[in-house]
Amino acid sequence: MILEAINISKYYGEFCALKDVSIGIDEGEFVSVIGPNGAGKTTLINVLTGFLKPDAGQVNFRGKDIAGKGPEELSTMGIARSFQLVHIFPELSLINTIKVAIISRQAKGMRLFASLARDKEVHEQALEVAELFGLADLLEETAKNCPQGIKKLLDVASAFALHPEIILLDEPTSGVSTSDKNKIMQVLVDASKKIGIKTVLQVEHDMDIVFSYSDRIIAMQQGKVLADGSPAEVEKNEEVICTVVGQKECFQTFNRIMSMNREERA
Ligand SMILES: Nc1ncnc2c1ncn2[C@@H]1O[C@H](COP(=O)(O)OP(=O)(O)OP(=O)(O)O)[C@@H](O)[C@H]1O
Ligand SMILES: [Mg+2]
């Protein structure tokens, strides 16, 4: 197992956002975390990537306890993430945004100036990542002026530029149109193959994307794991589908839409 949460609890004051959550991600898996708004999905990602300390429980990376390690240290160990609300430097150009990510990987927090001296190498690597993400025509564009879909891609590309062993993506396609969602997912899957990132954990609300890309689906509700299984298992779970989609009468409609989508893809 590459990344594991064991009996994690997390409180915001009195409010319990994660209650005794245990999940494990195997090397090579593409796992989606689903659940209604406020289920605790982002909180779980924050705990797994060192942005938040759990109040109870343990997080293991390759079998070692990583409690107390912050996001920078974890990113140099091979855990990278992207954000639900994009985290980019608004005034930087796209190419410089990716370069900053590469330098932070090479510098490992210490040799920033030595890395800057190797600017050509950094530039070439940044170009490679930009090309993988279809951003090559926009290199000099200022991040804040880009449309939402490009900002999302840039945020994800910056995480990929770290060449992590596992990448955690918090709603990589949120705020972009349905047709762009599939494009982003395809780019993301192709890039992870090319860069050699085998393990992906994503939070995603779009059920079509969740069911077409995932090896496994973890459903959360009110800070707890409601189900953890293959897409075929989760699809049959009426309680999960109704909780996630948020309507009582949704189950049959959901199954009809899923089978229509499958036929369309076939
Ligand atoms: N910093 C915070 N302080 C207090 N409460 C918080 C904080 N962050 C999150 N919460 C609450 O914790 C719960 C879980 O939030 P979280 O962001 O993890 O949910 P989520 O599943 O990612 O939801 P969404 O689908 O809307 O992104 C929510 O009720 C939220 O209001
Ligand atoms: Mg969230």
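Reply: By class, the shell around ligand 1 has seven polar, four nonpolar and one charged residues, where Ala, Val, Leu, Ile, Met, Phe, Trp, Tyr, Cys and Pro count as nonpolar, Asp, Glu, Lys and Arg as charged, and the others, Gly among them, as polar. Bear in mind that this is a predicted model, in which local features need pLDDT of at least 70 and side-chain atom pairs count only at pLDDT 80 or more, while totals for chains, interfaces and linings use all residues. Residues are numbered from 1 along each chain as its sequence is written, and chains are lettered from A and ligands numbered from 1 in the order in which they are written.

Me: Which residues surround ligand 1?

Reply: A residue is near a molecule if its C-beta atom, placed from the backbone, lies within 6 Å of it. Here ligand 1 is surrounded by Tyr 12, Phe 15, Ala 17, Gly 35, Asn 37, Gly 38, Ala 39, Gly 40, Lys 41, Thr 42, Thr 43 and Gln 84.

Me: Which element gives the largest share of the shell around ligand 1?

Reply: Helices (H or I, at least four residues) and strands (E, at least two) are DSSP runs, numbered from the N terminus. Helix 1 gives the largest share, three residues, and both strand 2 (15–25) and helix 1 (41–48) supply at least two residues each.

Me: Is helix 1 mostly covered or uncovered?

Reply: A residue is buried if 20 or more other C-beta atoms lie within 10 Å of its own, exposed if 12 or fewer, and partly exposed in between, with C-beta atoms placed from the backbone. Helix 1 is mostly covered, since seven of its eight residues are buried, among them Lys 41, Thr 43 and Leu 44.

Me: How should I read a positive phi?

Reply: Most residues other than glycine have a negative phi. Just after helix 1, Gly 50 takes a positive phi of about 85°. Asp 20, which lies in strand 2, has a positive phi near 55° although it is a residue other than glycine. Arg 62, in the loop between strand 4 (56–61) and strand 5 (64–65), likewise has a positive value, near 50°.

Me: Why does Asp 20 count as partly exposed?

Reply: Asp 20 counts as partly exposed because it has 14 C-beta neighbours inside 10 Å. Arg 62 is also partly exposed, with 14 other C-beta atoms within 10 Å.
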